[in-house]
Amino acid sequence: MRHFTSVKDVADVKALVASARELKASPNANREAGKHRTLGLLFFNPSLRTRLSTQKAAMNLGMDVMVMNLNQDGWSIEMEDGTVMNGSTQEHIKEAAGVISQYCDIIGLRTFPSLIDKEADYSDRVLHRFMAHATVPIISLESAIRHPLQSLADLITIEEQKTKVRPKVVLSWAPHPRALPQAVANSFAEWMRMADVDLVITNPEGFDLAPEFTEGIPVLHGQNEALHGADFVYVKNWSSFADYGRIGQGLDHWTMTPDKMALNASGKFMHCLPVRRNVVVADAVIDSPASLVLEQANNRTYAAQAVLLNLLRHG
Ligand code: CP
């Protein structure tokens, strides 16, 4: 693996999941692998789980870690070539990425979408500008359109928890008061397509994900119909792709509630966190034994550790 920005970067998804599960069983077994190697974590946006779990993963491998909130602590970065930089930007991506590559052996980057300019967001411009000018492997810590470390952790969780060879997994849209990216849902669809699961997506009319991520996956606009017999119910809000960045109004009936979970009494609830309780999901669901949210968050460490170990060995 040269970079880790999508499932397409992974030659063998099953082997990566197996590696993560081995690392979970013996987190400190590879303390020498990252000795004298430095991970730089660059955040344009907030984070709790990604920031801490990726640091933890690196420390388990004996790596040194540097973290920087680029928006708050760095110079404002110019992404375009040939710009006369007499405006608000102070440092060009060519120098920024080149300099950081001298300090770090692997770079992790979080860069959210604008949710205004669909074309720029779906070209994953900031991520690709860093990849173009960095000289070391790049890990996506969530880009404008994908969150692959989350999806890997989700797949590990499903593999650990499943009670049948090919479970039914439902990705169910939820209400939210703010416009959120489509990245988690896009990535989840992309990774589930590579897994031994039957994935169904359910969302209101007008909230279909980008066709490049949902091709071949059933998309139902009736939530209860989709939820019938679900072994895993992955709940997530995303803003509209078609009417780019639009929030869903008057759709509170999409909140995940105990009666909907009861459409398969043994179904498990999943969410990437952070989550707005009693908007996205009822307390009675997230606090129930069916909730896997803490297991998912725990698996973020081993997902990141498997990716880092692969890049240390092969990047
Ligand atoms: N799930 C996730 O990526 O959490 P953070 O945004 O807190 O990192």
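Where is the place of Leu273? Leu273 sits in the loop between β11 and α12. The legends below cover this loop and other sites in a predicted model.

View 1. The phi of Leu273 is about 65 degrees, although Leu273 is not a glycine. Most residues other than glycine have a negative phi, and most peptide bonds are trans. The peptide bond from Leu273 to Pro274 is cis, its omega near 0 degrees. Pro274 also has its place in the loop between β11 and α12. Leu273 counts as buried because its relative accessible area is 16%, and the cut-off for buried is under 20%.

**View 2. Asn278 belongs to the loop between β11 and α12**. Asn278 is not a glycine, yet it takes a positive phi of about 65 degrees. Its relative accessible area is 48%, so Asn278 is partly exposed. That class lies between the cut-offs of under 20% for buried and over 50% for exposed.

View 3. An N or O atom in the side chain of Arg49 is 2.9 Å from an oxygen atom of the ligand. For Arg110, a polar side-chain atom lies 2.9 Å from a ligand oxygen. For Arg300, a polar side-chain atom lies 3.2 Å from a ligand oxygen. Taken alone, the ligand exposes 250 Å², and the protein buries 93% of that.

**View 4. Helix α2 spans residues 49-60**. Its twelve residues should span 16 Å at 1.5 Å a residue, and its end C-alpha atoms are 16 Å apart, which agrees. Which residues of α2 are buried? They are Arg49, Thr50, Ser53, Thr54, Gln55, Ala57, Ala58 and Asn60. The buried residues of α2 pack against the strands β1 (38-43), β2 (64-69) and β5 (106-110). They also pack against the helices α7 (148-161) and α13. Just after α2, Gly62 has a positive phi of about 80 degrees.

**View 5. Helix α13 bends at Asn299**. The bend is about 25 degrees. The helix covers residues 293-314, 22 residues in total. From first C-alpha to last, α13 reaches 31 Å, close to the 32 Å expected at 1.5 Å a residue.

**View 6. Ser291 lies in the loop between α12 (283-286) and α13**. Is Ser291 buried or exposed? Ser291 counts as buried because its relative accessibility is 10%, and the cut-off is under 20%. Ser291 touches Phe269, Val285 and Ile286, leaving aside residues up to four places away in sequence.

**View 7. Ala262 lies in the loop between α11 (258-261) and β11 (268-270)**. Ala262 counts as exposed because its relative accessibility is 52%, and the cut-off is over 50%. Ala262 and Leu109 are 153 residues apart in sequence. Their C-alpha atoms are 39 Å apart in space.

Terms used. Residues are numbered from 1 along each chain as its sequence is written. This is a predicted model: local features need pLDDT of at least 70, side-chain atom pairs count only at pLDDT 80 or more; totals for chains, interfaces and linings use all residues. Side-chain values use heavy atoms; hydrogens and water are left out. Helices (H or I, at least four residues) and strands (E, at least two) are DSSP runs, numbered from the N terminus. The expected span of a helix is 1.5 Å times one less than its number of residues. The bend at a residue is the angle between axes fitted to the seven residues ending there and the seven starting there. Buried means under 20% relative accessible area, exposed over 50%, partly exposed in between (1.4 Å probe, protein chains only). Contact means heavy atoms within 4.5 Å. A polar contact is a pair of N or O atoms within 3.5 Å; within protein, one must be able to donate a hydrogen and the other to accept it, and residues adjacent in sequence count only if both atoms are side-chain atoms. Accessible areas come from the Shrake-Rupley method with a 1.4 Å probe; for residues, only the protein chains shown count as cover.
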